Amino acid sequence: MKQFIVHAFTEELFHGNPAAVCVLEQWLPEETMMSITRENRLSETAFTVREPDGYRLRWLTPGGEIDLCGHATLATASVLLDRYETDKESLTFHTLSGDLTVRRGRRGLLEMDFPAYDLKRISVTRELEEAIGARPVEAYLGRDLLCVFKESQQIAEAKPDLEKVKQLPGLLLHITAEGEQYTCVSRSFAPKLKIDEDPVCGSGHCHIAPYWCERLDRDEITAYQASERGGVLYCRTEKDRVTLAGHTVLFSEAELYL
């Protein structure tokens with residue numbers, strides 16, 4: 001069985017977010033897929049099987065299956081378009097979040113059509129401030145918790161208490177501020193999924209991009225994920241959808257003996 005490791009949302013090796021991509025002929029037992037995921041020790045391992053009208057795609061984290069993942073979708077699309085579907089300009093993935101389309105874009109980018117999360121403003125509480133280690137100016141809840149800060153330096157310097165983050169609402173925690181070189185900077189934390197910090201979070205930008213596009217009255221933004229690895233996302237919003245575009249770099253190709 002083929003497994004690829006792809007660095008997503010970057011043009012440089014050892015940057016962006018690494019995802020494992022397993023291209024299957026048929027589905028493996030659930031426990032086998034979880035064992036592969038835990039063995040990889042990455043934030044996500046993607047498993048995909050070809051179907052008559054596209055590909056079925058699932059994303060597993062060390063803490064279990066997740067309903068939406070951007071960087072592993074980007075990684076899977078890059079593997080399939082480069083190795084298996086070289087004559088195609090786009091792919092459709094059937095997922096827990098519905099059908100997702102990924103197409104070849106300009107300048108070597110891959111563009112993903114994702115759902116935008118509906119954000120509801122919530123109170124900035126003492127518990128929230130203590131978990132993050134700094135007080136945001138605004139907080140919103142979609143699938144994840146989005147906290148907005150005044151200065152980009154606060155994002156770079158943040159050291160959340162991950163045990164306290166587990167007690168906050170939302171599946172992941174995203175912190176963000178307006179940027180200088182980029183429209184916004186952000187970081188993402190997922191201790192509930194046994195991931196301390198997600199290096200570059202695509203699904204997180206289904207919260208972050210709609211927020212900044214509305215806040216700045218823009219349709220497009222360029223977002224930087226300010227993790228240790230770093231990564232860049234080119235985002236466009238339209239109604240209840242978000243286009244997330246990025247580059248990928250193939251790191252490795254392996255044969256798994258199962």
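A search of the whole structure, a predicted model, finds zero disulfides, a disulfide being a pair of cysteine sulfur atoms within 2.5 Å. Local features of this predicted model need pLDDT of at least 70 and side-chain atom pairs count only at pLDDT 80 or more, whereas totals for chains, interfaces and linings use all residues. Residues are numbered from 1 along each chain as its sequence is written, and side-chain values use heavy atoms, with hydrogens and water left out.

Cys-147 is buried, at a relative accessible area of 0%, where buried denotes under 20% relative accessible area, exposed over 50% and partly exposed the range in between (1.4 Å probe, protein chains only). Cys-201 likewise takes part in no disulfide, the nearest cysteine sulfur to its own being that of Cys-69, at 7.0 Å. With a relative accessible area of 3%, Cys-201 is buried.

Six aromatic pairs are present in the structure. Rings of Phe, Tyr and Trp (its six-membered ring) are paired if their centres lie within 6.5 Å, with planes under 30 degrees apart counted as stacked, over 60 as edge-to-face and the rest as tilted. Phe-4 and Tyr-84 make an edge-to-face pair, with 6.5 Å from centre to centre and 85° between the planes. This pair joins distant parts of the chain, 80 residues apart, since Phe-4 lies in strand E1 (residues 2-8) and Tyr-84 in helix H2 (residues 70-84); helices (H or I, at least four residues) and strands (E, at least two) are DSSP runs numbered from the N terminus. Phe-4 is buried at 2% relative accessible area, whereas Tyr-84 is partly exposed at 37%.

The pair of Tyr-182 and Tyr-224 is stacked, because the ring centres are 5.1 Å apart and the planes stand at 15°. Here too distant parts of the chain are linked, 42 residues apart: Tyr-182 is in the loop between strand E12 (173-178) and strand E13 (184-190), and Tyr-224 is in strand E15 (residues 220-225). Tyr-182 is partly exposed, with 23% relative accessible area, and Tyr-224 also counts as partly exposed, at 25%.

Charged groups also lie over aromatic faces, the criterion being NZ of Lys or CZ of Arg within 6 Å of the ring centre and within 35 degrees of the ring normal. Arg-58 is placed over the face of Trp-27, at 5.6 Å from the ring centre.

In soluble globular proteins, nonpolar side chains tend to be buried together. A nonpolar core is defined as a set of buried Ala, Val, Leu, Ile, Met, Phe, Trp, Tyr and Cys residues joined through side-chain atoms within 4.5 Å. The largest such core comprises 51 residues, with Trp-59 and Phe-93 having the most contacts inside it. Helix H2 gives the most to this core, contributing seven residues. Another core, of 16 residues, lies apart from it and includes Ala-131, Ala-177, Val-185 and Phe-189.

Helix H6 (residues 205-216) has twelve residues and spans 15 Å from its first C-alpha to its last, close to the 16 Å expected at 1.5 Å a residue; the expected span is 1.5 Å times one less than the number of residues. H6 is mostly covered, nine of its twelve residues being buried. Just after H6, Asp-217 adopts a positive phi of about 55°.
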